[in-house]
Amino acid sequence: MKKHLLLLFTAVLFILPAGLRAQDVVQIGSGTLVSYAYPIHSSSAYSMSQQIYTATEVGRSGSIYSIAFYNARHAITRNIDIYMTHTNLSEFNDHDDWVTVTATELVYSGNVEFLSNEWTTIELSTPFTYNGVDNLLITVDDNSGWSTSNEVVFLIYPTTNTTTMFRGNTWNSGTNPINYYGYPVTGKNQIQLSFTPIECFKPVGFRVSDVGSHSATLSWIAPDNA
C-alpha cells in the first residue's frame, strides 16, 4: 500500500504543468429585469449611456480584456464605442452630471452583433487596467446613425441612479456629453467582465511522509505569487 501511494503521489507531481491558468470572469447583477434604454437605445439613431460599477461589485483589480451584455430580444448589429475609466462618483445626481471621457480611455470601437437571448462578449481592443479601489465607469456610445422600431432589451438589475443616458436622431455626443440632457435612472446593466487569467504556479519541494494504510502527509514550498 505504501509503495502504491508513493507511486500515485509521484505521478501527480510529474503531471502538474509548470503553471495553470484560471478563468476569471466577474458577473455583476442577476435577475430577469430588462431595459430598452441602455447600454444602447436602438430606436434612436444615436445614444450614450454611462454606468457606475462600484469597487465592491467588481471585487478585484487587474486587466479587463472583455465585457459582455445580455440581449433578451432579437439580434441586432450596432456601431459603438466603449470607454472605461476610474471614477469617484457613486451615482448621478442631475441631468448634466456626466463624466467627460477621453480618447485614451477608448477600449473598443466598431460594429457589435448583439446576439439573441444570450451573452454577447466584446473583446476589448485595448484592455483596461482596473485598480480595484475606485469605482468603474463604463460609457457606451452608439454611433450607428440609424434607428429601428424593433427595439432590443438588455438584462438589468435595480440600483439607485448609477446609470445616466440620452438618445437622439440628429446628433452624436462623441467624447463630450456635458452639454446634453441626461436621464439618470434606477437600474444598471448586468455585465460580465473578463480579467486576464491568473496563473497558478506549480508548488516546489513536494514531499510525502507518514504514509499509512489510508493516509499520508503531503508538504510543499509555496512559490512566489502563489
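Residues are numbered from 1 along each chain as its sequence is written, and side-chain values use heavy atoms, with hydrogens and water left out. Because the model is predicted, local features need pLDDT of at least 70 and side-chain atom pairs count only at pLDDT 80 or more, whereas totals for chains, interfaces and linings use all residues.

Secondary structure elements are DSSP runs numbered from the N terminus, where helices (H or I) have at least four residues and strands (E) at least two. Arg78 belongs to strand S6, which covers residues 76-87. With a relative accessible area of 0%, Arg78 is buried. The C-alpha atom of Arg78 is separated by 5.5 Å from that of Asn111, although the two residues are 33 residues apart along the chain.

A charge sits over a ring if NZ of Lys or CZ of Arg is within 6 Å of the ring centre and within 35 degrees of the ring normal. Arg167 likewise lies over the face of Tyr183, at 5.6 Å from the ring centre.

Asp142 is part of strand S9, residues 135-142, and is buried with a relative accessible area of 0%. Contact means heavy atoms within 4.5 Å. Apart from neighbours within four places in sequence, Asp142 is in contact with residues including Ile40, Tyr46, Arg78, Ile80 and Asn172.

The largest nonpolar core has 30 residues, of which Ile67, Met84, Leu136, Ile138 and Leu193 touch the most other members. A nonpolar core is a set of buried Ala, Val, Leu, Ile, Met, Phe, Trp, Tyr and Cys residues joined through side-chain atoms within 4.5 Å. When neighbours within four places in sequence are left aside, the contacts of Leu136 include Ile52, Val58, Ile64, Met84, Phe128 and Leu193.

Four aromatic pairs are present in the structure. The rings of Tyr70 and Trp119 have centres 5.5 Å apart and planes at 85°, so this pair is edge-to-face. Tyr70 is in strand S5 (residues 62-71) and Trp119 in strand S8, so that the pair links distant parts of the chain, 49 residues apart. Rings of Phe, Tyr and Trp (its six-membered ring) pair if their centres lie within 6.5 Å; planes under 30 degrees apart count as stacked, over 60 as edge-to-face and the rest as tilted. Trp119 is partly exposed, at 22% relative accessibility. Trp98 and Phe166 form another edge-to-face pair, with 5.2 Å centre to centre and 75° between the planes. Because Trp98 lies in the loop between S6 and S7 and Phe166 in strand S11, this pair ties together parts that are 68 residues apart in sequence. Both residues are buried, Trp98 at 7% and Phe166 at 2%. Phe69, Phe114 and Phe154 are linked into a cluster by ring pairs.

Several loop residues were also examined. The peptide bond from Tyr38 to Pro39 is cis, with omega near 10°, and Pro39 lies in the loop between strands S3 (34-35) and S4 (46-53). Asn117, in the loop between strands S7 (106-114) and S8 (118-130), has a positive phi near 55° and is partly exposed at 47%. In the loop between strands S10 (154-157) and S11 (163-168) lies Asn161, with a positive phi near 50°. Thr159 is placed in the loop between S10 and S11 and is buried at 15%. The side chain of Thr159 forms a polar contact of 2.6 Å with that of Thr162.

Terms used: Buried < 20%, exposed > 50% of the residue type's maximum accessible area, 1.4 Å probe, protein only. Polar contact = N/O pair within 3.5 Å; in protein donor to acceptor, adjacent residues only side chain to side chain.
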